[in-house]
There are 2 protein chains.
Amino acid sequence: MRLATEPLKTQKVYLLLRDKVVSGELRAGARLPSEFALAQQYAVSRVTVRLALDLLAKENLVEKRVGSGTYVKGAEFGQPVTADLSNAFAHLIEMGRSTAVRLIAFEYVEPPEKVAEALRVDADERVQKSVRVRSFDDVPFSYLTAYVPERIGREYSRDDLAHMALLELMERSGLRAETAWQEVGAVLANPEVAEALGIGVGSPLISLTRVVHGKNGRGMEYLQALYRPDRYSLQMNLVRKGGEGSRHWSPTSEVYRSERAPRPRAIKRKVKT
Amino acid sequence: MRLATEPLKTQKVYLLLRDKVVSGELRAGARLPSEFALAQQYAVSRVTVRLALDLLAKENLVEKRVGSGTYVKGAEFGQPVTADLSNAFAHLIEMGRSTAVRLIAFEYVEPPEKVAEALRVDADERVQKSVRVRSFDDVPFSYLTAYVPERIGREYSRDDLAHMALLELMERSGLRAETAWQEVGAVLANPEVAEALGIGVGSPLISLTRVVHGKNGRGMEYLQALYRPDRYSLQMNLVRKGGEGSRHWSPTSEVYRSERAPRPRAIKRKVKT
DNA sequence: CAAATCTATCTTATTTTTAGGACAGCTTTT
DNA sequence: AAAAGCTGTCCTAAAAATAAGATAGATTTG
């Protein structure tokens with residue numbers, strides 16, 4: 001297994017500057033301080049600053065102009081292609097349709113403790129574990145690990161899974177999802193996931209864990225989803241409902257942002273012989 | 001400015017292992033693979049693995065036993081203390097009450113472009129920028145950067161902000177939030193944030209960006225929140241609404257997980273003279 | 001009790017990163 | 001046109017991180 005990243009100080013300067021650019025603290029078109037000035041500011045050598053800037057340039061966040069300076073290259077990532085979907089469930093189905101899926105793993109295994117608990121499967125029951133990578137415009141953006149009780153999993157084939165959304169398959173089998181719980185967090189990409197998503201090990205990922213229950217309260221699906229935050233984000237609109245005194249907010253929609261930079265970003269990885 | 005962190009590969013192995021421990025993939029009491037095995041697995045030297053493990057041990061996440069192995073030291077963070085709140089808005093207020101806040105910055109500035117756009121402030125209008133760190137049990141878990149149009153910001157004092165939730169202050173001034181948009185993502189901690197949250201640079205964070213609009217459609221607040229995923233998570237329950245054919249899901253509540261490990265974790269930082 | 005396994009410690013060598021500077025050439029300003 | 005300031009490139013040296021292996025002592029297993 002290979003661990004590849006930017007060196008230490010470089011990485012740090014890179015992150016600091018990236019933050020300033022992305023957050024908008026440095027506006028589009030603005031010139032960054034000179035490499036020398038930055039070097040002094042962060043108490044590192046010019047070499048280091050230079051490496052950091054090169055990373056930003058490769059990401060298309062800044063532009064270096066010889067003899068002039070380094071400029072923030074914003075303004076292009078203004079209009080992300082978004083698909084506004086009116087509810088969560090349709091969203092899931094839609095995702096299954098409009099994006100390409102690669103099925104990486106498909107097997108029946110003993111469930112990890114957490115999964116067994118969440119799905120409330122019988123002690124001896126096995127679960128179907130599948131790993132899928134979803135892409136949009138040939139750029140992978142999500143890494144999905146799903147666990148489904150065997151009795152449910154047998155209702156569809158390996159091939160089905162590669163073509164249809166999981167919940168859609170379940171609907172087809174007459175199973176109806178009733179309730180779901182989900183949790184959002186952030187994790188770092190491990191080598192396996194990093195490879196599949198074309199990012200560096202240690203990149204930040206959105207983690208979404210969802211447990212779907214059916215009518216009888218038994219678990220239907222345990223999903224662990226990892227998303228590249230630059231390619232996918234969870235968005236929601238909240239509207240205050242009810243009258244004057246009410247403090248109730250209600251989400252109205254979830255938005256799926258597919259794109260930010262126009263072209264598939266080159267896979268950044270150091271390859272050693 | 002001083003940049004201090006763990007070395008590169010060490011840092012990475014540390015983060016990867018930490019993730020496995022915190023996420024529960026490695027259960028409390030379980031023995032990690034031997035140092036040698038880990039070294040092979042991650043293709044690094046034993047020295048590196050060792051450094052990473054030492055960091056985990058210092059954090060009290062694992063325990064090293066001479067001659068035996070390294071063990072996950074969990075069991076304490078079994079039951080996250082959760083406060084189940086029935087809606088988003090009350091949630092925000094509640095957060096303001098039950099947790100301690102440290103006001104790091106409070107000033108009136110020209111808004112970053114993004115903010116100006118989102119809030120639709122006048123070209124020359126300034127905004128109040130505040131940075132707050134919220135703690136629970138003396139452990140910081142969120143880093144909040146809020147922008148409020150000056151005319152609204154003047155309605156309350158610096159001191160108010162250190163004691164009450166922002167939206168609550170607005171309500172007090174007779175302003176009502178009507179709609180909001182929010183986006184969830186993941187980012188890496190930069191040195192500033194890392195310092196404030198007591199974590200290492202490059203740790204993963206949940207990023208939540210929210211824009212709150214009032215009645216007239218003008219912006220009231222632009223919030224950029226960063227959360228430690230091990231101390232805070234966004235949870236929601238979804239319930240299918242409507243009859244047979246309906247595919248509508250509706251969130252019912254948001255849950256705030258305040259705690260995971262019992263005691264304030266020591267701030268891990270290398271201090272260089 | 002012996003064998004196997006594991007962590008602790010130390011040593012040496014190699015690789016990678018960073019520092020610090022010099023200089024050429026391009027751009028902008030004066 | 002000259003001056004000032006900037007990036008691109010190259011070089012040398014120091015510092016830091018990592019690799020790889022040997023050995024000692026603790027612990028567990030058979």
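Helix axes here are lines fitted to C-alpha atoms over the stretch in contact, and an angle is taken between N-to-C directions, from 0 to 180 degrees. The model described below is predicted.

In chain A, the axes of helix α1 (residues 8-22) and helix α3 (residues 46-58) come within 8 Å and cross at roughly 55°. On the side of α1(A), the contact is formed by K9(A), T10(A), V13(A), Y14(A), L17(A) and R18(A). On the side of α3(A), T48(A), L51(A), A52(A), L53(A), L55(A) and L56(A) take part. By class, the residues of this contact comprise eight nonpolar, two polar and two charged.

Chain B has a pair of helices that can be described in the same terms. The axes of α1(B) and α3(B) come within 8 Å and cross at roughly 50°, which makes α1(B) oblique to α3(B). The crossing of α1(B) and α3(B) is right-handed. Here α1(B) contributes K9(B), T10(B), V13(B), Y14(B), L17(B) and R18(B), and these meet T48(B), L51(B), A52(B), L53(B), L55(B) and L56(B) of α3(B). The contact of α1(B) with α3(B) divides into eight nonpolar, two polar and two charged residues.

DNA strand C is surrounded by 26 residues, and the closest are K9(A), T10(A), S45(A), T48(A) and R50(B). Among these, K9(A), T10(A) and T48(A) also belong to the contact between α1(A) and α3(A). Sugar or phosphate supplies 72% of the atoms of DNA strand C within 4 Å of the protein, and bases supply the rest. Several polar contacts can be named individually. In chain A, a polar backbone atom of G67(A) lies 3.4 Å from a sugar or linking oxygen of DNA strand C. The elements giving two or more residues to the surface near DNA strand C are α1 and α3 of chain A, with α3 (46-58), β1 (62-65) and β2 (69-72) of chain B. This surface has seven nonpolar, nine polar and ten charged residues.

DNA strand D has 25 residues around it, of which R50(A), G67(A), K9(B), S45(B) and T48(B) come nearest. Sugar and phosphate make up 70% of the atoms of DNA strand D that come within 4 Å of the protein. In chain A, a polar side-chain atom of R46(A) is 3.0 Å from a base nitrogen of DNA strand D, while a polar side-chain atom of K64(A) is 2.9 Å from a phosphate oxygen. In chain B, an N or O atom in the side chain of T10(B) is 2.9 Å from a phosphate oxygen of DNA strand D. Two or more residues each come from α3, β1 (62-65) and β2 (69-72) of chain A and from α1 (8-23) and α3 of chain B. The surface near DNA strand D has seven nonpolar, ten polar and eight charged residues.

How values were computed. Residues numbered from 1 in each chain as written. Chains lettered and ligands numbered in written order. Predicted model: local features only at pLDDT ≥ 70, side-chain atom pairs only at ≥ 80, totals over all residues. Heavy atoms only, no water. Helix = DSSP H or I, 4+ residues; strand = E, 2+ residues; numbered from the N terminus. Contact = heavy atoms within 4.5 Å. Nonpolar A, V, L, I, M, F, W, Y, C, P; charged D, E, K, R; others polar. Near = heavy atom within 4 Å. Polar contact = N/O pair within 3.5 Å; in protein donor to acceptor, adjacent residues only side chain to side chain. Parallel < 35°, antiparallel > 145°, perpendicular 65-115°, else oblique. Left-handed = near helix turned anticlockwise from the far one by under 90°.
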